[in-house]
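Have the structure open as you read.

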Amino acid sequence: MEFLRGLSKDISGCGLSGVIHRKGELIPGEIIIKSICCQEERGNGLGAGFAAYGIYPDLADYYALHVMADHRKALEDVEELLAHRTYITHEEPIPTRRTPGIEDPPLFKRYFVKPKYEGEARELCADTEDEDDYMVSLVMEINTKIDGAYVISSGKNMGAFKGVGFPHQIAEFFRIEEYKAYIWTAHNRFPTNTPGWWGGAHPFTILDWSIVHNGEISSYGTNRRYLEMFGYHCTLLTDTEVVAYLLDLLIRRHRLPVEVACLALAPPFWEEIDRMPEEERELCTAVRAVYGGAMLNGPFAILFAYNGGLVGLNDRVKLRPLVAAEKGDLVYMASEEAAIRAICPDPDRVWAPKAGEPVIVELEPGVIPNQRSYLRGQGKRTEASVCRYPG
Amino acid sequence: MATEIDAKDIHYRDLNRLLRAKIEEGEREFLLRNINGQRYIAAGVSEKVRLEIYGTPGLDLGAFMRGPEIIVHGNTQDGTGNTMDEGKIVVHGMAGDVLGYAMRGGKIHVYSDVGYRVGIHMKAYMDKVPVIVIGGKAGDFLGEYMAGGIIILLGMFSRYPERPIAGIYLGTGMHGGTIYVRGQVSETQLGLGLKPHKLTEEDEALLRKHLSEYCEDFNLDLEEIMKEPFIKIEPYTHRPYGKLYAY
Amino acid sequence: MGEKKTTKKKKVPQWASFFPDFIIERDPEKCINCRICVKECSYGAHIWNAKKKELSEDHTKCVGCHRCEAMCPTRAIVIRRNPSEFREHAVWTPWFIKNVYKQADQGGVLLTSTGCAVPFRNYFDHLVLDACQVTNPPIDPLREPMELRTYLGPKPDALEVEIKDGRFRLKEPLPRQIKLEVPIMFAAMSYGAISLHVHQGLARAARDLGTLYNTGEGGLHASLYEYGSNTIVQCASGRFGLHVDYLNAGVAIEIKIGQGAKPGIGGHLPGEKVTEEISKTRMIPVGADAISPAPHHDIYSIEDLRGLIFALKEATEYKKLVFVKIAAVHNVAAIASGIVRAGADVVVIDGLKGGTGAAPTMFRDYIGIPIELAVAAVDQRLREEGIRNRASLVASGGIRSSADVIKLIALGADAVYIGTPALIACGCTMCQHCFTGKCPWGIATNNPELIKRLPPEVAYEKIYNLVHGWAHEMKEMLGAMGLNSIESLRANRDKLRAVGLTETEMKILGVKHAGE
């Protein structure tokens, strides 16, 4: 039934891991593989994935479209659309290898593109922020209109690799150990109601936003209908997809500081808000009243990343685990402390973030191309439940 | 002489199988090294054995256990002491969320901070009175649904100087047992209907008894701990929801 | 139509009186002739023969309110449906036969009260809710926070935040909002239609529950100005008791365009109900009919609605939210969109099943569409047009339980109005004779003797208890769905499944069938 498209969602419980180098130095893929594989127990072999930032330095100014296709025809349709709507500077199959246990994988190809504007729009829009909106609509168009084709990631100098399998299988399949990145996130999935579908694995992405998630978003229906008002369409049958779009909407389009966006996703309780000083209360009340449709309800721990930062966030009553640690310029976040200790046995500091309080780690300014910074507050000084790392 | 096991890269199922086999053989003392993330260590073990663990044990350490003494040199993850019956867990670091869930006997001593929902639904029956002592700070919902037993929160050895000693919804839905807190908590932190009370002499004696053992475990000075007054939180009724229904 | 030539003969038989709806059974063994029944029955169905010293009954006058039965100290009275039966006929049921008799006897428009009594499909009863099992935990509202707080009012699509003294601050304050601690408000029921005591009870309950009550179109009694921050004043076509102090008395002004029980027509408070106190409040002479025209005669089109909205906003210096209430009719989605664009802060949709103190039976039963479908259509339409944030959506009409409230919110409403449940909480037995003004329970009357039967404090307590219980049930249902805040249920149609609905119905409601 067409009208119910996107109404289904899959439910899952999972393991997460992420790491960032604050000076933008590259971290080899084996590190993240080791960490996520330590949490093998948290998955059931029905989904795993990785997001990597800084992997296409030579093509860093182009949007890297990772496209998954069920069949050749779908790829051809995507290529036809891309030819009309973008300049493709480079395209190639995503390197994979035969992996035991992974049967009948879909096709994967990557395209490095720039929007192709028509007529006057070219002068107005080229090299502006509008390019991002252009790419969002292009991704929505491919996902909703081209049968059997899905854009797995669409940011610059980053990419997502995901599929059905255990983390070590997916890592082997996509040759993750051959990449180096300044931010890595990884996911091990335990879906309870899986379509056994590659598109349903994490991370979910839009532009350079990527998200891995543990838990179930009980407010999915509300979030999905809220996003539809702003032109986002959920096509990947998994609740986590909404988080990627919410981040794009709140932070990139509405220009909310990342701290305030996290406040909208996991706000304090009214009881706490009522006890805040007036201006603080006004802000929190407004955020809850205006962004009620964006609030994520239900148990969750998420890690999200962008070209410039890694953020960990828990639901407001902390029903899913999240641990953070630092060692020198490296900051780690994972579902279990053991996953961090597997790759960093002796961290300088380990801590458990509070419910609803984001751990935000941005790269030092100017260390990567096209670096984005969404951290516009001094953090911690607000008494709302937002706090910035480092404290 | 303790039996030493290097647990590096050993799956929890193999580790527990090994432990049980050794216990069967009569071994009573174990030293586990390189533990990292193995779940369910000593789960359901009923013998009075002693385990010293180096590393970060995984979820549900000592779940359902009836008797063992576990000493962890490191932090524990979520679900430590889940529904434990007897025995003792000593953590020389921090503990995660849901520590001591539905614990019905034994003791858990944590040197530093604990996560959310610690001591949730602890219960006491006849001579079984579970005890949790926390040297650091606790997250929200400490002692939620508590039906019996004792939680002692010191707030002294915390890694979070910026956080309050306990989170919100402290003791929410509590209908048995006692929570002792060193220092003060604001009434807004407490669950509905709860109030902080002053300690009686019996409370003082009880605290001293439990805290001396805690001090021995971590080599601490009892008098230093007792310098600051404690408050106590108790349920205001054993039937908080008697008037809930309409028939 | 020509004038009727009245029959000169003295006695014209009254068919309707031959077949009363109810019969009064009095157990002579138990009856002690205390005559309380005679005093209690405001319709005169119990008769005391002083000479014979015995009680008798006029069954034709019994409306089935059960007051005598409830008050009889020896429980000697039972009110029953008249067991006398007509020959069975699937089309010509006694209801239609008797209606024809009534009209043949009296030549008038059939009048009734309450909401639609035709058993159209009740969508509430074909929708079931979800609950968590394993994959996410249900939440226990007794011990964990569970939030029903709701803000009504226009919201911007995005907020702007700035940094002041190192802290995040709002750049612009939020447009005016009304805070509800529970998203259940009391629907417009005018002083006149219901007693002052019920109004006082509603006002107090609204205050203590942290919600709002609505004055209806009968003005605001002097004793109720103190509840201003929990009051919505209504501006209906009759503009009774409407002056600038009244407009400023509450936190919102509701323009009543229509009502679910009688879309397309106005109101009529008969002169006999216009007592001294009502006359003062409505500002019309004692005993004069209070007639509300069908339309507002300053609104003949949507741009005129905008005119009235802004006239009210100017008059109250933009301090009040303006609600616009319409009956759910065929084209409700487009109309609601127009209302939002006309500048309303809150759109109220009152469905087919909505109640009334008096409505022509044909209107009550056959005009308008069910609220469940209307809310679903309006919410969807406003979203498609990208204007859902610009106004809040309030639904009413036919809500009977907290589950109905939950379902309307899941379909897309921000809050609901309840009327009938509040009156039933006060003791109403749904006899459907509010229009007579003789309510023996002291609810839908202003007879000074009858209103004593329901003191304001009793009305307050019963109404408060009802909403308190519903609020708790709503928290339990939210918790079971794994949500700890009502905004995560709003428009979350994933939480609903249909049982036994057609594809078309499910499409309009935006829900899947159970099992899908």
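Two strands count as paired if DSSP finds at least two bridges between them. Helices (H or I, at least four residues) and strands (E, at least two) are DSSP runs, numbered from the N terminus. Keep in mind that this is a predicted model: local features need pLDDT of at least 70, side-chain atom pairs count only at pLDDT 80 or more, and totals for chains, interfaces and linings use all residues. Residues are numbered from 1 along each chain as its sequence is written, while chains are lettered from A and ligands numbered from 1 in the order in which they are written.

**The sheet in chain A**

Start with chain A, where 4 strands make an open, antiparallel sheet in the order β5-β6-β4-β7. Its edge strands are β5 (86-93) and β7 (149-153), each pairing on one side only. From one strand to the next the twist averages 30°. For angles like this, axes are lines fitted to C-alpha atoms (for helices, over the stretch in contact), and the angles run from 0 to 180 degrees between N-to-C directions.

Strand β4 (residues 63-69) of chain A is joined to β7(A) by 4 bridges, with the two running antiparallel. Within that pairing, A:Ala69 has A:Ala149 in β7(A) as its bridge partner. Helix α2 (residues 72-85) of chain A packs on the sheet and touches β4, β5, β6 (107-115) and β7 of chain A, its direction making about 155° with that of β4(A). Contact here means that the C-beta atoms of two residues, placed from the backbone, lie within 7 Å. Helix α4 (residues 130-145) of chain A lies across β4, β6 and β7 of chain A, at about 140° to β7(A).

**The sheet in chain C**

Chain C has an open sheet of 3 strands in the order β6-β22-β23, with mixed pairing. The edges are β6 (127-129) and β23 (512-513) of chain C, which each pair on one side only. Strand β22 (residues 496-498) of chain C pairs with β23(C) in the parallel sense over 2 bridges. Look for C:Arg497, whose bridge partner in β23(C) is C:Lys512.

Two packed helices are described by the angle between their axes and the distance between the axes. Here are two such pairs:

| Helix pair | Axes come within | Crossing angle |
|---|---|---|
| α9 (residues 332-341) and α11 (residues 371-384) of chain C | 8 Å | roughly 50° |
| α5 (residues 196-209) and α15 (residues 456-480) of chain C | 7 Å | roughly 45° |

Angles under 35 degrees count as roughly parallel, over 145 as roughly antiparallel, 65 to 115 as roughly perpendicular and the rest as oblique. That makes α9(C) oblique to α11(C), and α5(C) is oblique to α15(C) too.

The crossing of α9(C) and α11(C) is right-handed; a crossing is left-handed if the near helix is turned anticlockwise from the far one by less than a right angle, and right-handed if clockwise. Among the residues that meet there are C:Val332 and C:Ala336 from α9(C) and C:Ala374 and C:Leu382 from α11(C). By class, this contact has 8 nonpolar, 1 polar and 1 charged residues. (Ala, Val, Leu, Ile, Met, Phe, Trp, Tyr, Cys and Pro count as nonpolar, Asp, Glu, Lys and Arg as charged, and the others, Gly among them, as polar.)

The crossing of α5(C) and α15(C) is right-handed as well. Its contact residues include C:His197, C:Leu202 and C:Asp208 of α5(C), along with C:Pro456, C:Tyr460 and C:Val467 of α15(C). The class count is 10 nonpolar, 3 polar and 2 charged residues.

**Where the chains meet**

In chain A, 43 residues are in contact with 41 residues of chain C. On the chain A side, α6 (220-228), α8 (258-265), α9 (270-274) and α10 (278-290) each supply at least two residues. The most come from α10(A), with 7 residues. That side of chain A has 20 nonpolar, 14 polar and 9 charged residues.

In chain A, the peptide bond from A:His202 to A:Pro203 is cis, with omega near 5°. A:Pro203 sits in the loop between β10 (183-191) and β11 (204-206) of chain A.

Over in chain B, B:Val98 has a phi near 50°, a positive value in a residue other than glycine. You'll find B:Val98 in the loop between β5 (86-91) and β6 (107-110) of chain B.
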